[in-house]
Amino acid sequence: MSTLRCKMCGESKDVEVKRFIDPKGKRKVAIICDILVHAEPVTTVIDDPDTPDSSIGAGGDSLVHDLELYSKLIAVVYAFDGPVEYGVVEHELAAAHPDVYEELWERQGHSTTHPSSSYTLSTYLSSLLGTLAREKSLEQSDVDATIPWSSSGNASAWSHPERTDGDLVTWAAFAEANDIDPDSWPATAGFEVQATADA
């Protein structure tokens, strides 16, 4: 692990370090120093020197960076106080960024509109969440599925790494609280006619 120092005073012992992923998928470190020598806290942001060779910021899928999917997914998960079932994450991403969700649907489809597809936008987003978990930006757990398209009965849940003990928000509970039919999938409701017409 690299020693991180304040760029102003050189202090390393009493600095606060916050690791994060920027909108382009690059691992960054914010070094915050508030020792008395500074009139006010000094924050420096640098590339994370401990980034592994397999980092999500290195090459790979340009779509994730063009659409800033890592930062959008993190923002969705961090909005909750505990773990959230995958279906809630996808729904909230679609609600917050409908144009992004539609572009992903046009490229990869969805189980509710393309039942024969094996690799859908849900599979794609799940893989991105898995990458964020490996990078320690999210925590993953396995739960019983309540999303309508689950065939295995299992689903993933995602949380802020420091909020894993909060109450699980399932898709079924979230849908009920928001007057949504839990057996429906509103994010693709407007796409079904188009998918049928193109068939």
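Contact here means heavy atoms within 4.5 Å. Helices (H or I, at least four residues) and strands (E, at least two) are DSSP runs, numbered from the N terminus.

The model is predicted: local features need pLDDT of at least 70, side-chain atom pairs count only at pLDDT 80 or more, and totals for chains, interfaces and linings use all residues. Residues are numbered from 1 along each chain as its sequence is written, and side-chain values use heavy atoms, with hydrogens and water left out.

**Whole chain**

Show the protein chain as a cartoon. From the N terminus on, their order is β-β-β-α-α-β-α-α-α-β-β-α-α. Of the 199 residues, 43% are buried (under 20% relative accessible area; exposed is over 50%, partly exposed in between; 1.4 Å probe, protein chains only). Among contacts with a separation of 6 or more, 59% join residues 24 or more positions apart.

**α4 against α5**

Select residues 98-108, helix α4, and residues 121-134, helix α5. They pack at an angle of about 115°, and their axes lie 9 Å apart. Axes are lines fitted to C-alpha atoms, for helices over the stretch in contact; angles run from 0 to 180 degrees between N-to-C directions. Now show side chains. From α4, pick Y101, L104, W105 and Q108; from α5, the residues they meet are L121, Y124 and L125. This contact has six nonpolar residues, one polar and no charged. Ala, Val, Leu, Ile, Met, Phe, Trp, Tyr, Cys and Pro count as nonpolar, Asp, Glu, Lys and Arg as charged, and the others, Gly among them, as polar.

**L129**

Stay in helix α5 and select L129. Why does L129 count as buried? Because its relative accessibility is 0%. Leaving out residues up to four places away in sequence, L129 touches L73, V77, Y86, V89, L138 and W158.

**Largest pocket**

Turn to the largest pocket, with a volume of about 410 Å³. On a 1 Å grid over the protein atoms alone, a pocket is an open set of points where a 1.4 Å probe fits, with protein on both sides within 12 Å along at least five of seven lines; lining residues have an atom within 4 Å of a point. Grid points are joined across faces, edges and corners, and a volume is the space filled by probe spheres set on the points.

Select R19, F20, Y78, K136 and S137, the closest to the pocket centre of its 16 lining residues. Then colour β1 (16-21), β2 (27-33) and α2 (69-78), the elements that give two or more residues to the lining. By class, the lining has five nonpolar, three polar and eight charged residues.
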